[in-house]
Amino acid sequence: MPVSLPYDVSFDLPGYPLLRHPTWRFTTCPTCGGEAERETDTLDTFVDSSWYFARFANPDAADPIDKAAADHWLPVDQYIGGVEHAVLHLLYARFITRALKDEGMVSVAEPFAGLFTQGMVTHETYARQTGEWVEPSQIVLTAEGAARRAVMIDTGEPLVIGDIEKMSKSKKNVVAPEEIFEQYGVDAARLFVMSDSPPERDVQWTTGGVEGAGRFVQRVWAEFDSQADAAPAPENAMRSEELRRATHKIIKAVTESVDQFKFNSGIARLYEFLNLLKTFPATDGSVSGARNEALSVLARLISPFTPHLAEECWVRMGGEGMVVDAPWPVFDPAMATDAELLLPVQVNGKRRGEIRVAPDADEAHVREKALADEGVSVHLAGLTVRKVIVVPGRIVNIVAN
């Protein structure tokens, strides 16, 4: 090093131009003086992908970059990639974009408006005593907790349980997607990866985790499959409003979680909503209208996480077209709040009662209601109230002696 590259190369054919150069490829070894061959793959793949977003603005253009199209679409609104992309691909892309701008091929200096760095999928590592790595599919864990042991399925050979590391072919700590898909389905695998932790953190792959996601998929399908013609009954206005409020709350929660890349939080709320929905059975005709609305919303909300399940549920409930084309549900702010708040009341740090108040109740009303509560007043007998602290929407603390 350094090795000078030739100028008389041809880019007419696909592949590496240096591979076809008549003289540069073959040389003499500087160490032994023998015949040698130079490396012809000199361009990192990250470099290859560091300008294609400008090309994608108009992939049919005759020139490599259609400047008008690139100026219209760039910068890219949201860049999502792993940690290695943040220090490799991002670095190359920013450098090349600035070079393209200097050459007048694009107008932007920065290619990406927003960056979100996602975590990695990790798994335990297993190795023989000789250090040879072993795939998870070849082992069986014989115990739990501190007594956990890993042995080979075929021979019973004891193995060394190593660290939890990023899944990689080199350490063989990978799980074949096909096996997961066959046993639990594609949607369960997607759901687990998104529900286990915030997307910016690493997620440890566990059999128990994907099994839990698989159970959720089955429970959702059972809820749609249980839809039946309920016996006609007058609407239970109070119960229907309860379900409708819960439906608007889940729309708000999942919408915000998707917008903020907090998929695990949104999925957790979907679990809670499904549990609530089961208290409004399909056989109860008095809430059938609110229940049908809730199922329509649920099918659309799960679509980003479990798309195949969502489509089947949409068909099952008689939705028009495909759920992916259906409008995203919109929540009513008034319905997405509780009609009443249940506030705990503490006396000298100990919970002594609870009160129900309107969400917009003023502090004086909350204080008066807390002091009048029967359970609270018993514990204030003979004491002088020194202070009443109202934390809006959360709790009431009374200090007395």
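View 1. Arg 244 is partly exposed, since its relative accessible area is 21% and the class of buried residues ends at under 20%. The model shown here is a predicted one. The side chain of Arg 244 meets that of Glu 293 in a salt bridge, with 3.0 Å from N to O. This pair links distant parts of the chain: Arg 244 belongs to helix H9 (residues 237-259) and Glu 293 to helix H11, 49 residues apart. Glu 293 is also partly exposed, at a relative accessible area of 40%.

**View 2. Lys 278 and Glu 223 in a salt bridge.** The side chains of Lys 278 and Glu 223 form a salt bridge of 2.9 Å, N to O. Glu 223 counts as buried because its relative accessibility is 5%, under the 20% limit. Lys 278, at 39%, counts as partly exposed.

**View 3. Arg 351 and Glu 354 in a salt bridge.** The side chains of Arg 351 and Glu 354 meet at 2.6 Å, N to O. Arg 351 has a relative accessibility of 52% and so counts as exposed, a class that begins at over 50%. Glu 354 is partly exposed, with a relative accessible area of 38%.

**View 4. The largest pocket and its lining.** The space in the largest pocket is about 660 Å³. Its lining is made of 23 residues, and the closest to the centre are His 123, Pro 136, Val 175, Trp 205 and Thr 207. Strand S5 (121-127), strand S7 (139-141), helix H6 (177-184) and helix H8 (207-225) each supply at least two lining residues. The largest share, four residues, comes from H6. Sorted by class, the lining has 12 nonpolar, six polar and five charged residues.

View 5. Val 87, Leu 88 and Tyr 92 make a nonpolar surface patch of about 240 Å². Leu 88 lies in the loop between helix H4 (83-87) and helix H5 (89-102). With a relative accessible area of 36%, Leu 88 is partly exposed, and therefore passes the limit of over 30% that applies to residues of a patch.

Methods: Residues numbered from 1 in each chain as written. Predicted model: local features only at pLDDT ≥ 70, side-chain atom pairs only at ≥ 80, totals over all residues. Heavy atoms only, no water. 1 Å grid on protein atoms, 1.4 Å probe; cavity = no way out; pocket = protein on both sides within 12 Å on 5 of 7 lines; lining within 4 Å. Points joined across faces, edges and corners; volume = space filled by probe spheres on them. Nonpolar A, V, L, I, M, F, W, Y, C, P; charged D, E, K, R; others polar. Patch = residues over 30% accessible without salt bridge, like charges linked within 9 Å, V, L, I, M, F, W, Y side chains within 5 Å. Areas by Shrake-Rupley, 256 points an atom, 1.4 Å probe, with all protein chains shown as cover. Salt bridge = Lys/Arg side-chain N within 4 Å of Asp/Glu carboxyl O. Buried < 20%, exposed > 50% of the residue type's maximum accessible area, 1.4 Å probe, protein only.
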